[in-house]
Amino acid sequence: MLKISLISLLAVTLYAQQSPPDLVLSNGKIITVDERFSITQAVAIRGGRVLATGTNQEINQLAGPNTRRIDLRGKAVIPGLIDNHMHLLRAGSTWAKELRFDGVDSRKQAIEMLRARLKAAGPGEWVYNIGGWAHQQFADDPKPFTREELDQIAPNNPVSLQESYYQVFLNSKALEALKLEANAPDPPEFVKGSVERDSKGRPTGVIKGDIAGTRAVANKLPKVAPEQLEASTLALVRDMNRAGLTSFGVPGCEADVLALFEKWKSQERLNVRTFCIGGNAAATPQTVDRSIQQIAGMKLFQGDSFIDNVAFGESVYSPLHDPMFALKSNPPADQLEQWRKMAMAIAQAGLPLHVHAELTGTIDAFLDQIDAVNKEYPIKNLRWVLAHVNQINASQLERMKKLGMYAAVHPWAVINGAIMHEGFGDGAYDMPPLSTIQNSGIVWGLGSDGTAANQTQPFTTLYFAVTGKMAGGQKVIRQTISREDALIAHTRKNAYFVFQENNLGAIQPGKLADLVVLDRDYLTIPADQIKDIKPVLTMVGGRVVFDAALR
Ligand SMILES: [Zn+2]
């Protein structure tokens, strides 16, 4: 028996070595993003994985009679982009209804898009977006919307345009629908003081108040109908593939959308890879014990390279979840004690952790707790991650590195840079301190924290990292990095965050064939054009999931 199976194994191995690739892409500039950042001309793909990379000649001679061929005509190819932190699944329930301004740097164009939406909308139907933009990205005319202006454009439909989690612009129909009236108290779901009013007590149409304030509006907006959820989520996935994204770390992983992903996976038509960050944060001292019980029973890594659960997060003890536009934090000792109890249980269970931490005070306090946890249950190999970290500094990075931790960097300034400068002054120029992070030698990766807090387009993020300019072109940070390091942080390094470094992040023999063909060369175009790069072809596991020529 043993002899036969060894022989058949040998036969399979020989067959595998000899059978030709399914697909060959040649005559290109393959930016492999492997450890040596090698650049080659061609790549061969078989069974959804990269079989070989090399010169045109080396790769073409592998081809057989049934091998499909794509002539890249000199185009650049990069690995499929990975966003280590996007609230992707949550967006499925609103995406088809949202008027997204990601990548729109003209106010005139935004208004044209609004008019077109209104034209297509039914009578009285909501037209809205939930974050992902800020008016300072409009290079032609960076000013907020007013109620009067929106009333003129939309006299008959309620309109709600939410800037990141900073503020919301409403027209009169929206104020009416939300029961925000002159000289009447705000409905109870609105945070005190968040509804801006003029001297006559009339709501101006602006709702402020960070995440809590803006959510009062977002929660009232209609989601897609249940029978539309699949189409809406499909549109979301297609937009991500069009942007060059193929894999995601996903806080939340909402069950209704995850069920669709599972269905598509079983039909071999799931076009993105999803690595969930989940588990229930405690909100009060009374709920900590219950959360700890759940942590002890949590099972990660039961999935595969398309869908898996990879970390606890992104909140541990919710009173210590930094608001987005808070200027500083001073976490109280009693709350930190609850946070530490939770973190201790997470370490004891041997789970990876991916936790929201933005402000210097919070990062210091969390690291103090993690030091204590680490003495009882070493976290060295658990890949604990602090996420967002726009206010991180060199000594914190040093502490994290010693603990074996990673930094998931989500530059909120890509759309919020001008707002951050209003709040933090010159300090905002180092939020995030990208070259300090890069030079620290810590494992770090780029993500967006989209779709509400930030925009979703990776080439806008890469442009920001290389030029220091926010969407629309305003210079908002001074610590920039090379385009090579930025690309590595959005591909190969992010593979570690989703525990897929053997499968993803580089175009390399043995790895999954996730790649993106670009309309121009990321490495040589003027840096200001990086944001304008458009994928022409996106592939996941050797399957074409987006082809610009087919649109
Ligand atoms: Zn967060």
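Me: What makes Glu314, His356 and His388 donor residues of the zinc ion?

Reply: In this predicted model, Glu314 (OE), His356 (ND1) and His388 (NE2) coordinate the zinc ion at 2.0 to 2.2 Å. A donor is an N, O or S atom within 2.8 Å of the metal (3.2 Å for Na, K and Ca), so these atoms qualify. Water is not among the atoms, so the site may look incomplete. Along the sequence the donor residues follow the spacing E-x41-H-x31-H. His356 belongs to strand β17 (residues 353-357) and His388 to strand β18 (residues 385-388), so the pair ties together parts 32 residues apart in sequence. Strands are DSSP runs of E with at least two residues, numbered from the N terminus.

Me: Why is strand β22 called mostly covered?

Reply: Five of the six residues of β22 (residues 535-540) are buried, a term that means under 20% relative accessible area (1.4 Å probe, protein chains only). His356 and His388 are buried as well.

Me: How do you know that β22 pairs with β21 and with β23?

Reply: Pairing requires at least two bridges found by DSSP between two strands. Four bridges join β21 (residues 515-518) to β22, and four join β22 to β23 (residues 543-547); therefore both pairs meet the definition. Each pair is antiparallel. Leu537 is the bridge partner of Val517 and also of Asp547 in β23.

Me: On what basis are these values given?

Reply: Residues are numbered from 1 along each chain as its sequence is written, and side-chain values use heavy atoms, without hydrogens or water. Local features need pLDDT of at least 70 and side-chain atom pairs 80 or more, whereas totals for chains, interfaces and linings use all residues.

Notes:
Buried means under 20% relative accessible area, exposed over 50%, partly exposed in between (1.4 Å probe, protein chains only).
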